Amino acid sequence: MMFSAAAIAILVTMGLALARALLGPTVYDRILAVNMFGTKTVLLIAVYAFLSGRTDILDIALVYALINFIGVVAVLKLVEHGNFYTDGETVQDEPGKES
Amino acid sequence: MIDILIDVTLLAFLAITAIAILRIHNLFAVIMLFGIFSLLSAGVFVVLDAADVAFTEASVGAGISTVLMLGTLALTRGHHEKPPAHRPWLPLVVVLVTGAALVYGTVDIPGFGDPATPAQQHVAPRYLEQGQAETGVPNIVTAVLASYRGYDTLGEVTVIFTAGIGVLLLLGRRRRDKASKDEQP
């Protein structure tokens, strides 16, 4: 009963995050919505593991958490620098300057 | 009861996301929605007890694909979809006819989980009865994927590894050019 209530609450939150990802006027709204959606997926899988008694799928929830983190870092790096292969310092280097 | 609710809600979210991907023309938002779509389908796979498929969907769909598409978006300028040059009536008709043919083809398919089908009678009973003892893997999908079809999975891993090397060679070139330019001022 408790797990069912938790699952329903997570599904409602997923709906709200999805609405923000669809509407979101700025880029950051959408990034945050995707990040939150990933977190909710992790929670939903964890709750479902206990709901169905298959606690071995908790490992998947852990992998999702890691992938979600890496993905959001990559997205933010792209938005900040415009590419994946420079950090903040090398962008401002003039050509020919020793780095 | 709660299982059905989760299934229906996840499928409804999938449909909403798919329609939104079609309707939105801002490519960055589309990539974000692709990520949500992958997370949702991975959740559906978990509910269907296919743990390994969910692993693959999460790492490939939500992880690598999102990063690769964003990398493509960074390399190509222009963050908005081009307006279509023609009316979509012919593709719509083709899709509807093909879809109708596929739906017509499902009439002959045996029912979901029907134990009397050939697919359930060939090797599946052995997997179900002996799989735990022969492989020691608790999840039957994992046992089939990683043990009974181990060579098949090894081949897939080789293909993905080769594709990864190719992508690295393509995307890493600009960085190396820049580095070699910096070395010889």
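This is a predicted model: local features need pLDDT of at least 70, side-chain atom pairs count only at pLDDT 80 or more; totals for chains, interfaces and linings use all residues.
Residues are numbered from 1 along each chain as its sequence is written, chains are lettered from A in the order in which they are written, and side-chain values use heavy atoms, leaving out hydrogens and water.

Start with chain A by itself: it has four helices and zero strands, with helices being DSSP runs of H or I, at least four residues, and strands runs of E, at least two, numbered from the N terminus.

Now bring in chain B. Here 39 residues of chain B are in contact with 38 residues of chain A, contact being heavy atoms within 4.5 Å. The two chains bury about 3,500 Å² between them, 81% of it on carbon and sulfur atoms; that is the accessible area (1.4 Å probe) lost on being put together, summed over both. B:Phe28, B:Leu39 and B:Val46 supply 16% of the area that chain B buries against chain A, more than any other three residues.

Zoom in on H1 (residues 2–23) of each chain: the axes come within 11 Å and cross at roughly 5°. The axes are lines fitted to C-alpha atoms over the stretch in contact, with angles running from 0 to 180 degrees between N-to-C directions. H1(A) and H1(B) are therefore roughly parallel to each other, the label for angles under 35 degrees. Among the residues that meet there are A:Leu11 and A:Leu18 from H1(A), and B:Leu10 and B:Phe13 from H1(B).

Notes: Angles under 35 degrees count as roughly parallel, over 145 as roughly antiparallel, 65 to 115 as roughly perpendicular and the rest as oblique.
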